[in-house]
Amino acid sequence: MSEQRNPNQPQRRRRKPRRPKWVTNKFTYTLWRNWPLIRFVLVCLLLLSLALSLVTCSARAIGKLFKGDDQPSESTPAVSGPAETTVPPETTEPEPEPDELMRRADELAMGYDYDGAIDLLSTSSYYSANSKYQDRVKQYEADSQKLVKWDDMQNITHVFFHTLVVDNERCFDGDYREDGYNLYMTTIPEFLKMMESMYERGYVLVSPYDVAYEYVDENGQTRMKYGEIWLPEGKTPFVMSQDDVNYYGYMIGDIDPDFERPAVPHADGDGFAHKIIIGEDGYPTCEYMDANGQIHVGSYDLVPILEDFIREHPDFSYRGARAILGMTGYEGVFGYRTKPAYEDDLGTEAYQKECEDAKAVAQCLRDHGWILASHTYGHPSYGVISAEKVEADSDEWERTVQPIIGDCDIILYPNGSDIEGISKYTFDNPKFAALYADGYRYFYNVDSHVAWQQLGEDYFRGGRRNLDGYRMWHTPKKVADLFDVDEVFDPDRPTPVPSL
Ligand SMILES: [Zn+2]
């Protein structure tokens with residue numbers, strides 16, 4: 001191109017323009033004589049940089065299409081990846097406003113993901129011209145230097161809960177179910193006080209996949225190993241789970257001992273939420289029916305309450321970690337009556353709607369960092385029943401629950417009943433062989449110690465601490481590392497809390 005232009009220059013110069021006054025030396029003379037060429041080069045450079053920025057913008061947009069933007073990829077093992085969703089057609093979303101991008105970066109940094117925060121700002125098109133961004137990146141770099149590697153991976157405490165009590169009056173009303181609730185449930189004020197205390201004491205919620213993860217060794221064998229957790233000095237990682245996120249009929253006022261009818265909530269239920277739904281803001285929330293039969297939407301169980309708490313205290317969650325949720329299958333999941341046998345009762349259309357809604361909730365939960373797990377199909381004690389029965393129960397789960405919530409690699413044993421004593425699992429144990437073949441790699445029982453963990457060659461096993469009425473009343477010292485029972489224990493609880 002420049003060759004075409006050069007022959008023009010003499011033509012132009014033929015007009016012999018007068019030398020301007022600013023041409024006073026050799027340099028300015030050269031500048032003046034060659035001005036058309038210089039101008040041409042400048043225009044070319046400008047066009048080139050425009051084209052380059054266009055290419056990088058579209059590359060970034062394409063990148064966003066194929067890569068989730070806030071899920072740490074290493075914490076999602078291959079076996080438990082969320083069900084694939086199709087990419088909506090118009091997702092070439094423009095880069096967010098500078099303030100919004102900064103807010104997202106700060107959010108990542110508050111969850112100790114400084115690399116993610118730095119990446120977000122430094123690859124943005126605002127970065128080079130925005131000193132606020134550059135300063136913030138320097139700050140993230142400095143803060144990340146203060147992280148220390150957690151050196152006690154073998155002892156990470158794991159706490160668990162059941163459905164939280166919303167209405168103490170209906171829950172502790174003296175009927176035959178009161179004792180069970182008093183033993184195994186936690187009220188909402190108790191849960192909040194526990195979280196406050198743990199937060200103040202420096203606890204940070206981590207994912208079980210941060211604790212240990214599967215990798216392929218040099219011989220091509222899939223193995224399990226401890227992960228790395230990097231937190232500021234004085235912080236302590238912990239894992240959380242919730243069992244029976246099913247909203248059973250007996251709790252919501254529709255008792256059917258054979259679970260043959262799809263349960264619906266009643267005003268004379270025992271004062272619990274009855275389902276998880278997707279809130280208007282896209283976050284998971286709950287539906288709850290009060291004693292007058294009025295339905296409310298809001299934070300009536302652990303999932304939305306913990307979401308609220310983390311929104312208020314982003315430094316309580318390590319890299320977006322949430323709790324593990326364990327579901328059985330015999331009454332459906334999350335309060336949706338998805339058990340296939342309910343199709344007759346509900347009619348095909350209504351049954352399919354239950355399934356679609358439950359699937360959407362499962363995806364919403366996964367999108368927000370919650371980990372979905374099996375709590376077995378029928379809630380039997382796996383340690384007590386035969387290997388054949390374990391296998392049959394696991395098959396039933398795979399047939400009825402897996403299609404709704406997707407693959408799971410975590411199992412939370414009902415009644416804490418483990419399939420083996422404290423010695424390691426081997427494939428000689430037919431129950432382990434069956435569960436391993438069904439895709440399970442993380443196995444959790446119940447244990448009152450601060451931590452109990454076992455890293456096998458190809459699995460991880462851990463104990464979980466029940467933070468409920470039984471634990472607080474009978475062995476308060478066993479939770480003294482987490483909170484002071486005197487400050488947490490709900491005065492509405494009937495005492496003494498019964499023994500097991
Ligand atoms: Zn259970």
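Student: What should I know before I start?

Tutor: The model is predicted, so local features need pLDDT of at least 70 and side-chain atom pairs count only at pLDDT 80 or more, while totals for chains, interfaces and linings use all residues. Residues are numbered from 1 along each chain as its sequence is written. Helices (H or I, at least four residues) and strands (E, at least two) are DSSP runs, numbered from the N terminus.

Student: How do α10 and α13 pack, and at what angle?

Tutor: Two packed helices are described by the angle between their axes and the distance between the axes. Axes are lines fitted to C-alpha atoms, for helices over the stretch in contact, and angles run from 0 to 180 degrees between N-to-C directions. Here α10 (residues 188–200) and α13 (residues 302–312) pack at about 35°, their axes 11 Å apart.

Student: Which residues of the two helices meet?

Tutor: I188, F191, L192 and M195 in α10 are in contact with L302, I305 and F309 in α13. In contact means that C-beta atoms, placed from the backbone, lie within 7 Å.

Student: In what order do the three strands of the open sheet lie?

Tutor: Strands of a sheet pair through backbone hydrogen bonds, either parallel or antiparallel. This sheet has the order β8-β9-β10, with antiparallel pairing. Two strands pair if DSSP finds at least two bridges between them. Since β8 (273–278) and β10 (295–298) stand at the edges with a single partner strand each, one side of each has no neighbour in the sheet. Between β8 and β9 (residues 284–289) there are five bridges, and A273 stands opposite Y288 in β9. Helix α13 packs on this sheet too, touching β8, β9 and β10.

Student: Which residues of α18 are buried?

Tutor: Buried means that 20 or more other C-beta atoms lie within 10 Å of a residue's own; 12 or fewer makes it exposed, and in between it is partly exposed, with C-beta atoms placed from the backbone. In α18 (residues 430–437) the buried ones are K431, F432 and L435. They cover an arc of only 95° around the axis, which puts them on the same side of α18. That arc is taken from the directions from the helix axis to the C-beta atoms.

Student: Why does D244 count as buried?

Tutor: Because D244 has 20 C-beta neighbours inside 10 Å. D244 lies in the loop between β7 (236–242) and α12 (249–252). Not counting residues up to four places away in sequence, D244 touches H162, T163, G326, T328 and H375.
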